[in-house]
Amino acid sequence: MNYRSATLGIIAAHLMTACAPAPAPEHEDVRPVRTIVAGRTPGSVGASYSGEIRARYESQLGFRTAGKIVTRLVEVGSHVKRGQPLLRLDPSQEQLQVTASGAEVEAARSQVAQARVDLRRSEQLLARNFASQSELDHQRLVLDQAEAQLRAALARRQLNVNLQGFTTLVADRDGVVSAINAEAGQVVTAGQPVVTVQAAGEREVAISIPESRIDELRQAATLKVVVWAHPDKSWSGTLRELAPDTDSVTRTYSARISIKDPDPALLRLGMTATVTAPDVDGKAAIRLPLTAIVDHEGGRRLIWLVNTKTGRVGSREVKLGSAQNDSVMVLDGLSGGETVVTAGVHMLQPGQQVRLVQEAAVSGGAK
């Protein structure tokens, strides 16, 4: 009887165990993340610089004599031709100088004529032994002196005539007036810049380069120029000029980028342009957003990679290059094609399940 009771108890215990509900599995936190697919692109970070469309040649014109401006013949933005008058000074002072120098010329010519008459008379007297050789030599010296004074007077008159012509400021080339720094009634000095003319034809982009980017710009194989007004068009450019010293205020180097085959109808002076160097070092490189980088102990830089089959993440150490704007070049640690987490990197753990909140895009423009 006892054996039968024990057997029934064991069977009842097994039945109760079989009917008990299974324990609930532990909930796993699936974190949403944003990702990109790392892709290789030619060059490094793809340096870009903002600048302004300028003319290849710019002339800051000024009068070659001092005076008071009486006439202004152009406005800012006026298209001018070579030799076209721009401004005029009051010419009354120069006219008086021309008149005075003309009178000096006439007086010098009279002295030359008188010296020649005296020389001939001395030669006649010497032939009749009524004059000495020394008197004849003296008259020849007087004639030489009078002729020299005549040449000096002629030169002074020509100088004053030139000064009178300098009272009209003319354009030295075809172009556009970009600035006028004087008005009618203003007294200016000789050489003071009053009008700026930007020559027609060649166009450039004036940019400023930080000292850390000088070598990159020099080594760039190609440069691309895009203006904000026409973002769908681009032009090729070359580095024409790089300042040997920095600006005293901005501490940057000024550079000029020549534009190949510019279209004057599209590239107007003063437009804002962007110069891009897409292949600074000429090697294939991977760029990642700065938000994908995790700073670790000992100066290590890590990124999180997503296993597309399991949906779990793992970290990997990378070696970084130069950074610009919101991206950085990866020198080592990636080969391309990996899915890299770009948002939420500081909340991840190794092996954690993640969910992609958007379709992965390719970094660096690779396809």
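The questions below go from the whole chain to single residues.

Tutor: This is a predicted model, in which local features need pLDDT of at least 70 and side-chain atom pairs count only at pLDDT 80 or more, while totals for chains, interfaces and linings use all residues. Residues are numbered from 1 along each chain as its sequence is written, and side-chain values use heavy atoms, with hydrogens and water left out.

Student: How many helices and strands does the protein chain have?

Tutor: Helices (H or I, at least four residues) and strands (E, at least two) are DSSP runs, numbered from the N terminus. Counted that way, the protein chain has 4 helices and 24 strands.

Student: What percentage of the residues in the protein chain is buried?

Tutor: Buried means under 20% relative accessible area, exposed means over 50%, and partly exposed is in between, with a 1.4 Å probe and protein chains only. Of the 367 residues in the protein chain, the buried share is 35%.

Student: Among contacts between residues at least 6 apart in sequence, what share joins residues at least 24 apart?

Tutor: A contact means heavy atoms within 4.5 Å. For the contacts you describe in the protein chain, the share is 75%.

Student: Why does the distance between the end C-alpha atoms of helix 3 agree with its number of residues?

Tutor: The expected span of a helix is 1.5 Å times one less than its number of residues. Helix 3 covers residues 133-165, which is 33 residues, so it should span 48 Å.

Student: Which helix do the buried residues of helix 3 pack against?

Tutor: The buried residues of helix 3 are Leu136, Gln139, Leu143, Ala146, Leu150, Ala153 and Asn160. An α-helix has 3.6 residues a turn, so residues three or four places apart point the same way. The buried residues of helix 3 pack against helix 2 (92-127).

Student: Is Asn160 buried or exposed, and which residues does it touch?

Tutor: Asn160 is in helix 3. Its relative accessible area is 13%, so Asn160 is buried. Not counting residues up to four places away in sequence, Asn160 touches Gln97, Val98 and Ser101.

Student: Which strands are at the edges of the open sheet of 4 strands?

Tutor: Two strands pair if DSSP finds at least two bridges between them. The order in this open sheet is 4-11-9-6, with antiparallel pairing. The edge strands each pair on one side only, and they are strand 4 (58-62) and strand 6 (79-80).

Student: In strand 9, what is the bridge partner of Val80?

Tutor: Strand 6 and strand 9 (residues 175-180) run antiparallel and are joined by 2 bridges. The partner of Val80 in strand 9 is Gly175.

Student: Which residues are closest to the centre of the largest pocket?

Tutor: On a 1 Å grid over the protein atoms alone, a pocket is an open set of points with protein on both sides within 12 Å along at least five of seven lines, and lining residues have an atom within 4 Å of a point. The largest pocket holds about 280 Å³ of space, a volume being the space filled by probe spheres set on the points. Of the 16 residues that line this pocket, the closest to its centre are His79, Val176, Arg203, Arg268 and Leu269.

Student: Which strand gives the largest share of that lining?

Tutor: Strand 6 and strand 9 are the elements that give two or more residues to the lining of the largest pocket. The largest share is 4 residues, and it comes from strand 9.

Student: In strand 15, what is the bridge partner of Glu241?

Tutor: Strand 14 (230-242) and strand 15 (253-259) have Arg251 in the loop between them. The two strands pair in the antiparallel sense over 5 bridges. The partner of Glu241 in strand 15 is Arg256.

Student: Is Asp261 buried or exposed?

Tutor: Asp261 is found in the loop between strand 15 and strand 16 (272-277). Asp261 has a positive phi of about 50 degrees although it is not a glycine. Its relative accessibility is 70%, so Asp261 counts as exposed.

Student: What distance separates the C-alpha atoms of Val306 and Val33?

Tutor: Val306 is in strand 19 (residues 301-306) and is buried, with a relative accessible area of 10%. Val306 and Val33 are 273 residues apart along the chain, and their C-alpha atoms are separated by 9.8 Å.

Terms used
On a 1 Å grid over the protein atoms alone, a cavity is a set of points where a 1.4 Å probe fits but cannot get out, and a pocket is an open set with protein on both sides within 12 Å along at least five of seven lines; lining residues have an atom within 4 Å of a point.
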